[in-house]
Structure formats: C-alpha cells, structure tokens
Amino acid sequence: MSVFEELLTENRNAAEAFVWRRLSGEDGVEDVLQEVYLAAWRGFGALQDRQNFRAWLLRIAANKCNDFYRRNYSQGKLAAKVNTATTPDVGDLISEVADTLERLSLEDRHLLRLFYYEDRSHAELATLLGVPVGTVKSRLHSARMRFKDIYPLSPRTKGSLKMIVKFICTKNSLRNGLVDRSGITPFDSRKDYDILNEYFGEFGENLMCSRDEYFDGSWDPAAYEEFVIMENGKIVSRAAIFHHEDGREEVAAVATVPRFRHLGHAARLVRLCTEKILSRGKIAYISVREDNLPMLNLAREVGFTAVQ
C-alpha cells in the first residue's frame with residue numbers, strides 16, 4: 001500500500017462525515033466523494049507536510065461541496081427537483097425499516113442498531129464486541145447488504161440504509177406548540193472552534209486541525225447560523241440553519257451527544273430553527289437519513305412533509 005493510500009484509509013471516515021454534513025444528504029454525495037479522492041490523489045505530490053494530510057483533505061472536500069452547490073442550485077433548479085408524486089409516505093418508511101430490521105438475524109439487527117441509532121464508532125463496537133475494527137467493518141458491510149436484499153420498497157427508494165428523505169415545512173404545516181428556549185444559545189464556530197472540535201470528538205470525528213486550517217476560506221461560517229445547548233462549558237446538542245446559495249434555508253447539523261439524547265434537546269433545537277426560518281417568510285427544509293427513526297418522527301411532529 002502506498003503512502004497516499006495509507007493516509008487516505010486513515011482519514012476516509014472524516015472526509016465522508018464532512019461531505020455528508022455539508023451536503024445535508026443531497027443526491028450525488030458519492031460522486032462528490034470520488035471527486036475529492038481523485039483531486040487528493042492528483043495533488044498529493046505537492047503536499048509538503050504530510051502531517052497536515054487530514055486538514056488538507058478536508059479543504060479539498062469543502063471546495064468540492066461548494067462546486068456541487070454552484071453546479072446544481074442555480075435559480076429554478078429546486079422546483080424541478082420536488083416531485084411529490086413519487087414520494088414514499090414517511091410512516092411507510094419508518095414501518096418498513098423497522099420491519100426489515102426485525103427480519104434480520106439478532107447479530108445483524110444488534111450491530112446496525114448500535115451503529116446507526118446509537119452512533120457508536122467502529123472503535124467502540126470493536127471494544128464492545130471484542131473483535132478487531134476490521135472485523136466490525138466487514139460485519140457492518142455484510143449486515144447492510146442483507147438489509148438491502150430484503151428491504152421491500154421500490155428500487156428508487158431502496159438503495160441502502162443511507163437513503164435520504166427530504167422534507168419541507170411551511171407556516172400552514174407547522175404544528176402548534178411553543179419551543180422551550182431555555183439553555184439554547186447562539187454559537188460562533190470561528191470564535192469557539194476548540195469547543196466545537198471537542199464536541200465532534202464525542203462522535204469520534206475530531207477534526208484534528210487548527211482553527212485557521214478549518215476556516216481557510218473554503219468553509220464559510222457565515223453560511224451557518226448555529227445554536228447549541230451546553231453543560232459545564234461543553235456542547236451537548238447542536239443544530240444550525242444552513243443558508244444555501246440559492247436562498248433556501250435548511251435545518252442542518254442536528255446532533256446530540258448520545259448520553260444526553262433522552263432529554264429532548266434535538267426536538268427543541270429543530271423547532272427553534274424551523275420557527276426562525278418561517279418567521280423570515282421562507283420555507284424550512286430538512287434532510288433525514290431514512291434509518292434515523294427518531295429524526296423522521298421528530299420532523300413529522302414539528303410539521304415537516306416529505307418531498308422526495
């Protein structure tokens with residue numbers, strides 16, 4: 001294995017997580033990742049300090065994500081993407097995913113729930129199961145394939161456990177209720193980058209690069225309007241309003257540290273972000289992975305309607 005291949009293998013998960021967050025589940029994530037890896041391979045010879053490979057790779061990923069939005073979101077393209085005639089019912093998605101999981105073996109079901117629902121890392125699963133990380137990855141791949149083989153929805157919907165469901169919410173569809181704003185504060189990633197990096201570490205995704213490397217011009221912090229709930233100086237839950245170049249505003253980057261998920265922080269943050277978007281006279285968007293049943297339920301409870 002070459003030096004480039006070794007470094008890419010070590011940092012592939014970070015690049016994938018970065019692109020998934022930046023694109024919020026847009027179609028074409030895999031294509032963008034291939035562009036990232038190809039650009040990295042072509043430019044590797046010019047990288048002087050290979051200890052900075054991770055930050056360098058994330059800068060490439062940020063640039064490719066920006067290129068994606070410039071290509072795909074010129075005025076008028078969004079309307080052409082929304083086609084409710086082929087939209088699977090959210091309740092059907094939740095039911096079919098749950099039913100399919102129940103049809104898997106106990107081992108597959110347990111592994112997928114730990115990885116997708118509880119956000120356990122490969123390393124955590126390896127420790128929990130008493131096997132090497134490579135074995136965990138192999139078992140996860142096999143479990144995903146067995147899930148795909150028996151998942152009953154149409155080929156367009158079927159795909160994989162990472163199929164994304166897109167939602168919109170309007171003033172008319174927003175369900176009545178008042179958001180509890182206690183403990184929710186605005187957050188500035190540039191000012192408090194170290195706190196953000198520590199928060200990512202709770203999910204096994206420490207960025208491991210300096211503030212200047214992270215905000216090198218390709219990552220625009222102004223595109224994110226962030227809100228957090230903190231305890232003892234640490235972020236325990238976070239959400240943001242992502243301002244797309246075409247003017248859309250999307251609830252994004254919703255995540256809660258696992259041990260705090262029972263407190264309902266995500267629901268409060270999603271509701272807050274949604275209300276802020278609607279108060280500006282805009283439609284609120286959110287994208288949710290179809291295997292993320294809590295977020296699917298949360299989106300529906302707030303008043304979001306599937307559009308894909």
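This is a predicted model: local features need pLDDT of at least 70, side-chain atom pairs count only at pLDDT 80 or more; totals for chains, interfaces and linings use all residues.
**Entry 1: Ile277 and its surroundings**

I began with Ile277, which, leaving aside its neighbours within four places in sequence, is in contact with Ile241, Glu249, Glu250, Val251, Lys282, Ile283 and Ala284. Contact here means heavy atoms within 4.5 Å. Residues are numbered from 1 along each chain as its sequence is written, and side-chain values use heavy atoms, with hydrogens and water left out.

I found Ile277 in helix α12 (residues 265–279). Helices (H or I, at least four residues) and strands (E, at least two) are DSSP runs, numbered from the N terminus. Is Ile277 buried or exposed? Its relative accessibility is 0%, so Ile277 counts as buried. The cut-offs are under 20% relative accessible area for buried and over 50% for exposed, with partly exposed in between (1.4 Å probe, protein chains only). I also checked Glu249: it is 28 residues from Ile277 in sequence, and 6.6 Å away in space, C-alpha to C-alpha.

**Entry 2: Arg268**

I stayed in helix α12 for Arg268. Arg268 counts as buried because its relative accessibility is 15%.

Next I traced an open sheet of seven strands, in the order β2-β3-β4-β5-β6-β1-β7 and with mixed pairing. Two strands pair if DSSP finds at least two bridges between them. Which strands stand at the edges? They are β2 (184–187) and β7, each with a single partner strand, so one side of each has no neighbour in the sheet.

At the β2 end, I saw β2 pair with β3 (residues 224–231) in the antiparallel sense over four bridges. There Thr185 stands opposite Val228 of β3.

Then I moved to β1 (residues 164–169), where five of the six residues are buried, so the strand is largely enclosed by the rest of the structure. β1 pairs with β6 (residues 284–289) in the antiparallel sense over six bridges, and with β7 (residues 305–306), also antiparallel, over two bridges.

I looked at α10 (residues 193–201), which lies across β2, β3, β4 (234–243) and β5 (249–256) and runs at about 105° to β4. α13 (residues 293–302) lies across β1, β5 and β6, at about 155° to β6. For these angles, axes are lines fitted to C-alpha atoms, for helices over the stretch in contact, and angles run from 0 to 180 degrees between N-to-C directions.

**Entry 3: the cores**

Which residues touch the most other members of the largest nonpolar core? Of its 38 residues, I noted Phe167, Tyr199, Phe227, Val251, Val270, Ile286 and Phe304. A nonpolar core is a set of buried Ala, Val, Leu, Ile, Met, Phe, Trp, Tyr and Cys residues joined through side-chain atoms within 4.5 Å. α12 gives the most to this core, with seven residues. Apart from this core I found another, of 23 residues, among them Val32, Leu33, Leu47 and Cys65.
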